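Subject: Structure handover

Hello,

Here is the structure for you to look over. My notes on the ligand and its pocket follow.

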Amino acid sequence: MREVTWGGTRVFLVQGDITQQTTEAIVNAATSGLLGGGGVDGAIHRAAGPRLHQECLAIRARQGGCPTGHAVITTGGELPARYVIHAVGPVWRGGDNDEDKLLYQAYSNSLALAVEKGIKSVAFPSLSTGAYGFPIRRAASVALRALREFLTLNPGMLAEVRMVLFSKRDLEVYEKALAAELGVEP
Ligand code: AR6
């Protein structure tokens with residue numbers, strides 16, 4: 001299952017590269033320091049050009065970075081997307097250190113920021129499941145629950161939300177999690 005509508009918002013699971021998405025905003029898997037790194041963050045900064053880094057430095061100077069579970073917004077620089085929402089997911093520390101709650105918040109705070117800015121379409125990567133080590137099955141179920149709850153509580157605010165999975169295997173994990181979220185067979 002790769003598509004569902006929650007609160008009037010179409011939600012898609014796709015395999016692809018987050019930097020190529022043509023949604024109005026894409027979400028970055030950022031660090032609290034907003035200084036860039038590898039994975040999604042490195043790919044986004046490379047594709048967006050130096051302006052993104054300058055904007056992140058300005059946010060750092062203003063508010064000292066971004067706490068885990070929260071998100072900040074910049075322009076998209078040279079990306080097809082007009083905005084980048086920099087969300088900070090949790091580092092996996094065994095599962096008993098509020099990881100689920102912080103991951104949930106990273107998704108819902110990103111969506112709240114999009115709505116606040118009047119953004120209508122957003123693409124997410126799978127936050128925290130790379131360098132931060134969050135087990136992807138558990139992360140997929142938290143991510144989809146966060147999307148469903150936000151979108152049903154805020155109906156009609158967004159037209160489209162896309163989860164962009166880098167590998168076929170990751171896409172399959174999210175497809176199973178979506179079926180489980182809906183209580184149907186995959
Ligand atoms: N498009 C879509 N998904 C991608 C892409 C891409 N271009 N590249 C990687 N992924 P990660 P995290 C997948 O490590 O776990 C960075 O160094 C990847 O396969 O980017 O939240 C930051 O600076 C994985 O499933 O994010 C932080 O230090 C998922 O995106 C730290 O990593 C997330 O992988 C954040 O770690």
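Helix α1 (residues 39-48) gives the largest share of the shell around the ligand, three residues. Helices here are DSSP runs of H or I with at least four residues, strands are runs of E with at least two, and both are numbered from the N terminus.

Note that this is a predicted model: local features need pLDDT of at least 70, side-chain atom pairs count only at pLDDT 80 or more, and totals for chains, interfaces and linings use all residues. Residues are numbered from 1 along each chain as its sequence is written, and side-chain values use heavy atoms, with hydrogens and water left out.

The shell holds 20 residues. The closest are G38, V40, S128, G130 and A131. A residue counts as near if one of its heavy atoms lies within 4 Å of the molecule. By class, the shell has seven nonpolar, ten polar and three charged residues. Asp, Glu, Lys and Arg count as charged; Ala, Val, Leu, Ile, Met, Phe, Trp, Tyr, Cys and Pro as nonpolar; the others, Gly among them, as polar.

Now the polar contacts (pairs of N or O atoms within 3.5 Å). Each one below involves an oxygen atom of the ligand:

- V40: a backbone N or O atom, at 2.8 Å.
- Y132: a backbone N or O atom, at 3.0 Å.
- T129: a side-chain N or O atom, at 3.1 Å.

The ligand alone exposes 700 Å², and the protein buries 87% of that (Shrake-Rupley method, 1.4 Å probe).

Where does the ligand sit? The space it takes is the largest pocket. A pocket is an open set of points on a 1 Å grid over the protein atoms alone, where a 1.4 Å probe fits, with protein on both sides within 12 Å along at least five of seven lines. A molecule sits in one if more than half of its atoms lie within 2 Å of its grid points.

The lining has 24 residues, and A29, G39, V40, S126 and G130 lie nearest the pocket's centre. Lining residues have an atom within 4 Å of a point. α1 gives the most, four residues.

Best wishes

How values were computed:
Polar contact = N/O pair within 3.5 Å; in protein donor to acceptor, adjacent residues only side chain to side chain.
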